[in-house]
Structure formats: C-alpha cells, structure tokens
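Select each stop as you reach it.

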Amino acid sequence: MRAGEGAAWDELLRATGRGHLLQSSAWATVKQQSGWAARRFLLEDGDRRAGVAQVLLKALPLGLTLAYAARGPLVAAADLPEALRAIGAALAAERCAGLLADPEVPPSPELVAALERSGARPAGVFVQPRRTLLIDLTRSAEELLGAMRKKTRQYIHKAEREGVITEETRDLGRFLAVLTRVAARDRFGLHDRSYFERLLAAFGDAIHLTMSRVGSEDDGALLAVHLGDRAWELYGGWSGAHGESRPFYLLKWRSLMAMKQRGVVRYDMWGLSENQGDDLAGVENFKLGFGGEVATWIGAFDRPVIAPLYPLWRIAGRRRLAAAAR
C-alpha cells in the first residue's frame, strides 16, 4: 500500500530500525531536481508490517520507466523476495520495465536462491557500494583509538601536535575548492555546485561540512549526513597539501567524534573497493586504519515489472539507471 509523504514518511523510516539516508524524503527531494519521482510503500504480511520502501522512478524515451529502490526495501532478509514481488506488482501501472534494488542485507546462498525463485536476478551492475566500513560509536574515544592501526593513531596525534585546525562550515565555496582539487588529481567526476546546494537545502542541519587546514590553507574536506543514530560519509578528500602534518587523519577523527556527540551509534565510511587493485584500493587501506567492521551487502538485484519491456531493461535500462542514479 502507498505510504505518507515528507515528515510522516521519515517517521515510518525511523520506526523500521533500518533507516537509510537514501530512503529518506530529503534524498527524494534532492533527486527530484534531476527528474526522479518518489513512490513510497508500506509492506505488510497479513497483520504484520514487514517494512517500507521508497522507490525512485525516472521516465525515459519510448515509454520506458526506470525504477530504483536505493538501499531498499527496508525489510528483513527473509521478507526481501516477497517485498520485491509486491513492489513490482504495484509499479505495473507506471509503465515500468524493471525494478532495481540494492538493500543493506548480507549475502547468503539461501537468500540468493529465494530471490531467484521469486523472479529476481543479480543485476550485473551496481549503484551503491557492496562493501563498506562501519564504526561503532557506542565505544569510548579511548576504545576507538585503541582499535585503530598504530600508524593511524600516531598520525592523528601528529596532526594535533602540529596545529592542524578542523572546523564545521556552511561555506560551499571553500568545500568545493578542496574537492575540485581532489577530483582533478584522482580523475573522478564531481557534481556541480547546484547539486550540493540542493543537498544542504534538503538535509538542513543533518548535513555536516567539515574542513581541515594548516595555517590559512584549506587542505581537507568532508561531507557527512546524520539521521537518527546513523551517519554516512558522502564526499570528502585531501588536497595533497601539508602531507607531513597528516591533516585528513585528524579530520576523519574529528568527524567521528562530532557524530558521537550527536548520538550517532553507527558511522558508515561509505564504500570500500570492489576488487583488489581497483581505484578504491588505496582509499580502502586508509579507511581500514580506523578500525571498525567491514560489512558486505548482497548487491543489486533486479526483476521484471512489465515482462514485454524487460529485455530492454536488461540490455540498456539498468545500466543507464546505474549511471543516472548516482
């Protein structure tokens, strides 16, 4: 059944205990500016509420509609096959060829088999990372430092001794100046300023832009979002300046501590490498220095919605979705 809008939806989200920023009304607002529309569902099994799902739809030429449940549906693993079937049935009126979903549930042969029996298949593409690093912020600062690699802990203290300054800001110009340098060096695409303006407007005080600097020169930037008792890093990087002072180590540490003070219990560093030696391998090594737990999710699955259109989805639709939904 269809669910509520805005704040009412976010209350339902929190009630699941599985909330994710990509399932929030604020995220739907951000994506609306690039042509996505949200459909929201309560998922029920008899008298039991199984969970919720926000699905983003985008219309394409020739009547093909893309559907993506980003980090959803928010259900237990055992309920996932039936949840995808129910959502697919509800989307049939939208002229939707297929549904892509990448929920945060761990992989298992039993779940994969159940999904395949229900008509879902591994998508072969992914939008969100399948692996990430989760930091448990219920531990004390001393415990968190003790769980880190020795070098990471040493570099944090070195940055403190050398006077690296960290601060929160709402100055997008400063933030993007650093991130632009990082993107040019590491050769990755970066959203334009208007995208980040939409993020700040949609998430409000839940967005935290944190900068590091040595003297008067900004050298690190980090954007995190916290919702309820969870936080996620979305964007960040080190410019390459003042490497001897290790500013980005302190910036990460201060972000963790700031989220802990706000009541966050799980901090998601958002993404580790997919394969050994890929572009994220160096970033992964840096992140793993902070301790935490490596979480692996099942990855993206898709299923037909309107069967005659599904071959078009398999050939081109889902890859276009993967590119457009980021």
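Is Arg95 buried, partly exposed or exposed? This is a predicted model. Select Arg95: its relative accessibility is 48%, so Arg95 counts as partly exposed, since that class runs between the 20% and 50% cut-offs. Arg95 sits in the loop between helix H3 (80-91) and strand S5 (96-101). Now check the backbone. Phi of Arg95 is near 55°, a positive value in a residue other than glycine. Most residues other than glycine have a negative phi.

Go next to His242. Its phi is also positive, near 55°. Find His242 in the loop between strand S11 (230-238) and helix H9 (247-261). With a relative accessible area of 23%, His242 is partly exposed.

Now select Gly72 and Pro73. The peptide bond joining Gly72 to Pro73 is cis, with omega near -5°. Most peptide bonds are trans. Pro73 belongs to the loop between strand S3 (65-69) and strand S4 (74-75).

Last stop: a helix pair. Show helix H2 (residues 25-32) and helix H8 (residues 193-203). Their axes come within 9 Å and cross at roughly 150°. Angles over 145 degrees count as roughly antiparallel, and H2 and H8 are therefore roughly antiparallel to each other. The crossing of H2 past H8 is right-handed. From H2, pick Ala26, Trp27, Thr29 and Val30. From H8, pick Tyr195, Arg198, Leu199, Ala202 and Phe203. How do the residues of this contact divide into nonpolar, polar and charged? Seven are nonpolar, one is polar and one is charged.

Notes:
Residues numbered from 1 in each chain as written. Predicted model: local features only at pLDDT ≥ 70, side-chain atom pairs only at ≥ 80, totals over all residues. Heavy atoms only, no water. Helix = DSSP H or I, 4+ residues; strand = E, 2+ residues; numbered from the N terminus. Buried < 20%, exposed > 50% of the residue type's maximum accessible area, 1.4 Å probe, protein only. Axes fitted to C-alpha atoms, helices over the stretch in contact; angles between N-to-C directions. Parallel < 35°, antiparallel > 145°, perpendicular 65-115°, else oblique. Left-handed = near helix turned anticlockwise from the far one by under 90°. Contact = heavy atoms within 4.5 Å. Nonpolar A, V, L, I, M, F, W, Y, C, P; charged D, E, K, R; others polar.
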